[in-house]
Structures are given as C-alpha cells and as structure tokens.
Amino acid sequence: MCDFTWIIAGPQATRIFADLGAEVIKVENESYLDAVRGSAGLHNNFHRNKQGITANIHHPKGREVVERLIAKSDIVIENYSSGAFARMGFPYQRLKELREDIIYVSLSGFGHEGRDADYATWGPTAQGVSGMTAVSGLEDQPPAGWGYSYLDHTAGFYAAIGAMMALWHRRQTGEGQHLDMAQVETGMVLAGVPMLDFQVNGRHYERIGNGSRWPAVAPHGIYPTADEDRWIAIATETDEHWAVLCEVLERPELATEPRFASNEVRFQAREALDAALGRLTARFDADSLAAALSERGVPAGACQTIEDRMEHDPQLAARGFYPTAEHPELGMHRFEGLPMHFSRARWRIDRGAPVLGEDTRTVLRDLLGYDEREIAEMTAEAAI
Amino acid sequence: MTGPMQGLRILEVGDLGEVAGKLLADAGADLILVEPPAGARSRRTGPFVEDLPTREGSLHYAYLNTNKRGVTLDLSQPDGQDLWRRLVAQTDIVIDGAGLEVLDGFGLGYDAFSEAEHLIWCSITPFGRTGPWRHRPTSDLISMALGGIVMMCGYDDHSLPPVRPEGEHSRYIAGEYAVVGILAALWQRVQLGLGQLVDVSMHEAISSTTEGAYMNWEYLGRNPERQTGRHAGTAERWQLLCADGKYAVLFGGGVPRAKKALQGLLAWMDEYDAAADLHDPKYEQLLHIRPAEGGELRKHFADTVAGFVGNRPMEEVYRRGQEIGMPWGPVRLPEENLDDPHWADRDFWVTASVAGHPELVRYPRAGYRMGQTPIEFRTPAPALGEHNAAVFINELGVTSDELARLQERGVV
C-alpha cells in the first residue's frame with residue numbers, strides 16, 4: 001500500500017490495513033510534513049505498524065522513487081484536498097500507466113467530482129455539513145456536536161472497507177479502479193433514517209439529548225453521581241427495570257408513585273423524573289451504582305474517561321485491547337488495538353510510527369531495487 | 001455492472017448484524033436476512049411511516065435492510081433448526097448479531113459448523129465473546145458511555161451532563177468494523193482455503209474511535225475536557241450563531257492559516273465595513289504561529305470575525321468562507337442535504353420506494369463512490385418472509401406443501 005495520507009482520516013484507513021498485516025509504506029516529503037507529527041502521540045497511534053520513507057517529488061530521482069513504489073503497490077491512497085494529488089503529478093491516469101490494475105483511493109471533503117469539489121473539510125466541518133453536529137445535544141441547548149473529529153474515523157473506516165472491496169473485485173476480475181471518497185458522504189450514510197423520516201413524514205430532526213425517542217422510554221439519561229463531573233448512564237427498557245432502579249436507589253416507593261407508575265406517564269414527565277433521579281444518583285458512586293444495576297439486568301454504565309478505559313476497564317484489559325510497542329524516540333507505549341479477534345489469525349502491533357524517513361533506505365534497497373551507491377547519491381542530492 | 005461483492009452468499013441474523021449486512025448487501029452480496037416469524041426487532045424501532053407502528057412501516061428497518069432478501073425461521077423449533085443448518089451449508093459468511101450464546105444455545109452457533117471449513121462467521125456482540133463484561137446488559141446509550149464517546153461530547157458548562165451523540169452510532173461503528181473483519185477473513189480464506197470466527201466487540205470498536213483521547217492520557221496524563229461544538233483544548237468557539245438564526249462551524253475559530261485566505265476574508269469583511277483593525281500587518285503573524293501562542297492578538301481576531309459572522313446569514317458564511325479557502329461549514333440537519341445540488345452532481349442519492357409510502361424517496365447510496373463497481377440499489381428492505389418461497393423452495397428444495405405446513409406450525 002502506497003500511503004500518501006496525513007492528519008487522521010486517511011491514516012485511520014491505512015492503519016487498519018497495517019494492523020491486518022499489509023505492508024503499508026507512508027511517503028512523506030520534508031517540505032510538506034504531516035501536521036499531526038506535531039502531536040507525536042496521536043501520530044504514533046495512527047501510523048503504528050507502517051513503514052515511512054521520504055521522497056522529494058520535485059526532484060526527478062525522488063519522483064522516480066515514488067513511481068517505482070506505485071508500480072509495486074496494490075493500492076495508492078491519499079487524503080489531500082481535491083485535485084492536489086493530481087497537481088503533484090499523480091492523476092489516476094498516471095497511476096494506471098504505472099500499474100494497470102492499481103486501486104486508487106482519494107479521500108477528500110466533498111469528493112473529486114461535483115460543483116463543490118474544491119471545498120475543504122476538517123472533521124468538524126464535515127460533521128456540521130452532514131448533520132452529525134446538529135442532531136447531538138440537549139433539547140433546550142444549542143447543538144453540542146462532537147468534541148473531536150468522529151468523521152475522521154468514519155471516513156477512514158469507509159475508505160478501508162471500499163479499498164478492501166475493490167481488492168476483492170480485482171481478484172475476481174483483474175480490474176482496478178478509482179474510489180472517489182467524500183468525507184461528508186460518510187457522515188450522511190449514518191443519517192439515512194432521519195432523511196427518510198423527513199421525506200415520508202415531513203418531520204425535521206429534533207435534538208433529544210440523552211433520551212430515547214424510539215422506543216419512547218423513560219428514564220433514559222445521564223445522571224450526576226457523588227464525584228465531581230462523574231456521570232452515570234442509565235437506560236431502562238421496561239417497568240421491571242424501573243422498579244429495580246428505584247430499589248437500588250433505595251427509594252422503592254417511587255416505582256409505584258402515580259406520576260411515575262407507567263412508562264407512558266414517566267415519558268410524559270421525563271423532565272421532572274430526570275431531575276428527581278439526579279438528586280438520588282448524586283448520593284452514589286458511579287461504578288458501584290452501575291455494577292449494582294447491571295447485576296440486576298438494568299443497562300447502566302459510568303461515562304468512562306480515557307483514564308477509566310486504559311487503567312480500570314476490566315473488559316478492555318481482559319481482551320488485550322491496549323498492547324504495547326516501541327517507538328524509536330517516544331519509547332514503549334500502549335496503543336489502541338483493533339476491535340476484533342480472529343480465530344485463525346492474530347493482529348499485532350509490531351512497532352510504533354516511523355520517525356521521518358526511518359525506512360527510506362530499507363524500502364529503496366529491498367523493495368524498489370536501488371543499490372547503496374544510488375541511495376547515497378540521492379541522499380546527497382536531497383532527492384530522498 | 002453491479003457491486004464488488006456480487007457472488008458472495010451471506011446469512012444475517014440478529015439485531016447487531018444489521019449495519020454490516022447492509023454494507024455488504026448494498027455492495028452486491030446475496031444476503032439473506034433471517035428473522036423470527038414475529039419479525040426482527042428492527043421492525044419495532046421507529047420512526048414509522050405516518051407514525052403507525054406496523055410490521056412493514058419502520059423507516060429504521062427500511063434503511064438498514066436495503067438490498068437484502070428476507071426469510072423467517074423459528075430457530076427454537078427442530079424444523080427451523082434444520083432449515084438453518086441447510087442455509088448455513090450454502091453460505092460463505094454468517095453475520096451473527098443475535099447476542100452471545102443465542103445461536104449457541106440452540107446448538108446452531110459457530111461450533112456447530114466446525115466441519116464447514118470455508119465458513120466465515122462474524123460474531124458482533126456488545127463486549128466481545130470473552131471477558132468479564134461479556135454478559136453485561138447494554139444499549140446504545142450505555143455502550144457510548146462505556147466506550148468513552150459520551151464523556152468527550154457536551155457543553156462548556158459542566159453542570160450540564162455530557163451528551164451521547166444521537167444516531168445509534170454504537171451499532172454503526174461496530175458494523176463498520178465487522179465488515180473490515182469479514183473482508184479480512186475473506187482475503188485470508190483466499191490464501192488458506194479456510195474460514196474462521198471473527199469476534200467483533202462493540203465496546204472495543206467504540207473505544208478505538210475517540211481520536212485525541214488516547215494521546216491525552218497515554219502521553220500527557222490528562223483527560224480531555226468536553227466543550228461546546230469543538231475539540232478539547234480549543235480556546236475559540238467554532239460554532240457560531242449567524243444572522244438568520246442558523247449555526248455555522250468555523251473550524252479553527254475563524255483565524256486563517258494562509259495569506260490568501262486572510263486577504264479573501266478581509267476583502268469580504270470590507271464589503272460590509274466590518275474588518276475593523278484586522279488590516280494591521282501585525283495580524284499576519286497569526287499565520288505562522290501555533291494557535292496556543294496567539295494570545296490576545298488571536299483572541300481579538302477571532303472575536304472580530306465572530307462578530308462579523310453573526311451579522312451574515314449562514315449560507316453566505318459557509319459559501320464565501322469556502323470560496324476564500326476557509327474550511328467552514330453549515331450546521332445542517334441531515335435532511336437539509338437533500339437540497340444541496342453537489343450531492344446530486346455526485347449521484348449520491350438513489351431514488352427508490354419505501355414500504356407503505358406512495359411516493360419515491362431518496363436514500364444515501366454509500367460511503368464510497370467506486371468507479372468500476374458502483375453501489376446500486378436493487379431492492380428495498382424485504383417484507384416479512386418475502387423470500388420464503390424463493391429460498392426454501394427454489395434453493396433448499398422444500399416442497400410448497402411442506403412450506404405451507406411449516407408456516408402453519410409457525411416454523412417460518
């Protein structure tokens with residue numbers, strides 16, 4: 001895989017391939033570094049298991065390196081702004097000349113075709129356009145949106161899936177292709193249900209906070225606990241769950257109070273219900289309350305921080321979700337794993353992200369057929 | 001031309017398999033959804049056509065089951081189990097989203113088919129098939145809370161609870177990763193001639209989808225703080241109210257990163273005499289320094305731009321912003337994209353029917369636009385048992401009399 005990705009969306013896609021054992025070679029140019037290198041830990045997590053080379057595409061010999069790499073690759077992937085890769089001298093047509101059955105994945109904000117193809121996105125832009133931001137938030141507040149670039153992950157997932165499907169098709173037919181991905185479209189496919197609801201029922205989407213609209217159940221929300229800014233999520237589905245909740249909160253009589261006695265009245269009165277519940281949950285520790293409810297079948301869980309997940313979550317620990325590997329400068333670190341186990345294979349994290357140009361020499365020598373003298377010359381000429 | 005996965009046979013069962021099944025069925029696989037005779041749980045999930053909770057009226061079901069065929073089977077009855085085994089024998093891939101031990105409980109899980117060496121079996125469960133939480137009850141809200149997304153989303157005011165982003169993302173994230181696992185196993189089957197079990201954990205999938213959180217803890221020893229409509233650690237507001245009452249998202253707080261964008265922004269503000277002192281060359285240094293180093297200079301620039309944006313309508317902010325090179329966006333409702341001609345230019349919509357509604361509607365096509373194997377809409381979501389005859393009679397060799405008897409006994 002010839003990897004021209006940067007920031008997060010593209011690297012998320014190639015990370016999946018690298019974790020699954022593909023030989024992913026990230027190409028960088030010292031005049032145009034991956035901005036995420038400034039956040040070394042983030043870079044390490046998204047580029048682990050990959051090799052890294054530098055090549056100066058403005059030097060004929062540097063360009064030759066890239067072209068040899070493309071000719072040896074199954075997939076070329078980039079997530080520059082629309083048109084940038086072609087301006088660098090690599091339109092799809094050129095990639096095909098270098099390798100007839102190449103799979104080319106371009107991942108930009110609005111895609112390479114269409115009237116707004118020149119528009120650019122970062123994750124939050126794409127979240128705003130696609131509708132991901134507007135639908136998330138409390139009923140009486142502005143949109144809360146997302147506190148990070150969720151659609152960088154999502155776009156990466158769909159790029160990886162699309163590339164794997166294209167590989168499958170190529171194996172069946174020998175035919176490569178260009179995947180013209182748009183980050184905003186990967187957000188819109190997550191919103192098909194509200195789009196149908198609008199077209200069929202004329203209903204505009206309204207924020208419901210942490211509530212549940214379909215089915216309309218209550219209580220269903222996020223409540224304070226005894227510690228500062230420590231919250232518990234509780235999602236009752238039945239009257240039985242409600243009764244158990246009241247018992248665990250040491251207020252069993254609440255379950256049968258007329259204003260809360262059925263789901264229908266609870267849902268109608270959910271604002272008052274949530275306020276009342278919040279006063280009760282505030283007396284408990286989040287983890288013990290969640291454990292007490294879970295044990296009795298009521299879906300509940302602490303709103304876990306990253307600290308909770310990495311240091312205290314027994315499930316993630318038992319599944320080996322945070323394996324360690326070494327980075328030449330950052331040292332040994334844990335990484336976020338791939339969220340699946342295979343019975344006949346094992347994904348691994350063999351190494352951290354490459355430092356700039358870490359693998360240039362070995363890739364040029366072992367994969368691209370350069371000898372040591374040529375490599376030394378190109379280094380001296382700043383072609384690599 | 002049809003999608004890239006044509007020729008593959010897939011069986012899907014259970015609630016959590018729905019998204020993975022849709023992605024593969026949309027891509028051309030022949031996917032048979034196996035529902036209980038009373039119907040999949042998805043059918044009871046709203047919204048519904050005209051708000052009537054009928055068996056065929058769920059728009060949730062309609063969206064997530066496009067291009068699938070549908071049969072009914074009661075897996076608790078011996079004859080249903082027999083048909084299930086015969087279906088599995090003809091399939092490449094099983095997507096098992098029925099919950100841990102549901103199929104195993106009937107002796108119909110992966111272990112029951114160990115002699116079928118080619119079979120790929122993808123199990124999608126809330127926490128994975130192993131570990132202390134594997135039986136823990138959950139839901140979208142709970143999974144999003146435990147997986148860490150909730151604690152990263154919400155408002156500057158921390159007396160307000162953190163917010164679970166709406167849209168059943170827990171099942172999308174797990175479904176997307178399940179497809180990754182299935183396609184990887186398919187690739188390995190080419191090499192080994194053997195299928196395998198893929199054990200996808202929704203909890204892990206969500207936990208690997210929180211971007212900067214990992215870096216903050218593993219390298220900096222801190223938990224990111226949730227903020228209104230923007231990333232942790234960002235000082236300026238990104239989400240601004242425009243003159244028409246709509247929000248725009250000004251990624252980067254409205255401060256340009258390139259000289260050309262700065263010039264474009266000032267020219268635009270000049271049209272309304274709104275550039276104030278921003279023409280002063282001192283602001284150009286903002287192009288070259290990190291946001292955290294911008295101090296009062298950056299704050300004043302961002303505040304001035306925010307004031308300007310608050311006096312312009314959202315669509316102008318979005319379009320003019322993009323035209324001068326700022327990665328700004330509208331805060332749209334999902335359905336507002338139906339009117340944006342860019343998506344039609346890209347052939348993003350497919351126009352098709354939805355059960356119970358007289359007019360055709362537009363569905364999002366796919367998250368990938370494939371040059372040689374376009375994702376096509378072949379059929380809307382199947383009616384309950386729509387393909388019982390086609391599958392059981394034509395493909396498994398059940399006679400029509402037998403099928404009628406199975407139906408009478410509630411097996412199908």
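A residue counts as buried if 20 or more other C-beta atoms, placed from the backbone, lie within 10 Å of its own, as exposed if 12 or fewer do, and as partly exposed in between. The views show a predicted model, in which local features need pLDDT of at least 70, side-chain atom pairs count only at pLDDT 80 or more, and totals for chains, interfaces and linings use all residues. Residues are numbered from 1 along each chain as its sequence is written, while chains are lettered from A and ligands numbered from 1 in the order in which they are written.

**View 1. Strand β2 (residues 25–28) of chain A has buried residues pointing both ways.** Ile25(A) and Val27(A) point one way, Lys26(A) and Glu28(A) the other. Strands (E, at least two residues) and helices (H or I, at least four) are DSSP runs, numbered from the N terminus.

**View 2. Here β2(A) meets strand β1 (residues 2–4) of chain A in a parallel pairing over two bridges.** Strands pair if DSSP finds at least two bridges between them. Look for Asp3(A) opposite Lys26(A). Helix α1 (residues 9–19) of chain A links β1(A) to β2(A) in a right-handed β-α-β crossover (with the strands pointing away from the viewer, the path from the first strand over the helix to the second runs clockwise).

**View 3. Strand β3 (residues 51–54) of chain A pairs with β2(A) in the parallel sense over four bridges.** Val27(A) has Ile53(A) as its bridge partner.

**View 4. Strand β12 (residues 340–342) of chain A pairs with strand β6 (residues 197–201) of chain B, antiparallel over three bridges.** Find Met340(A) and its bridge partner, Val200(B).
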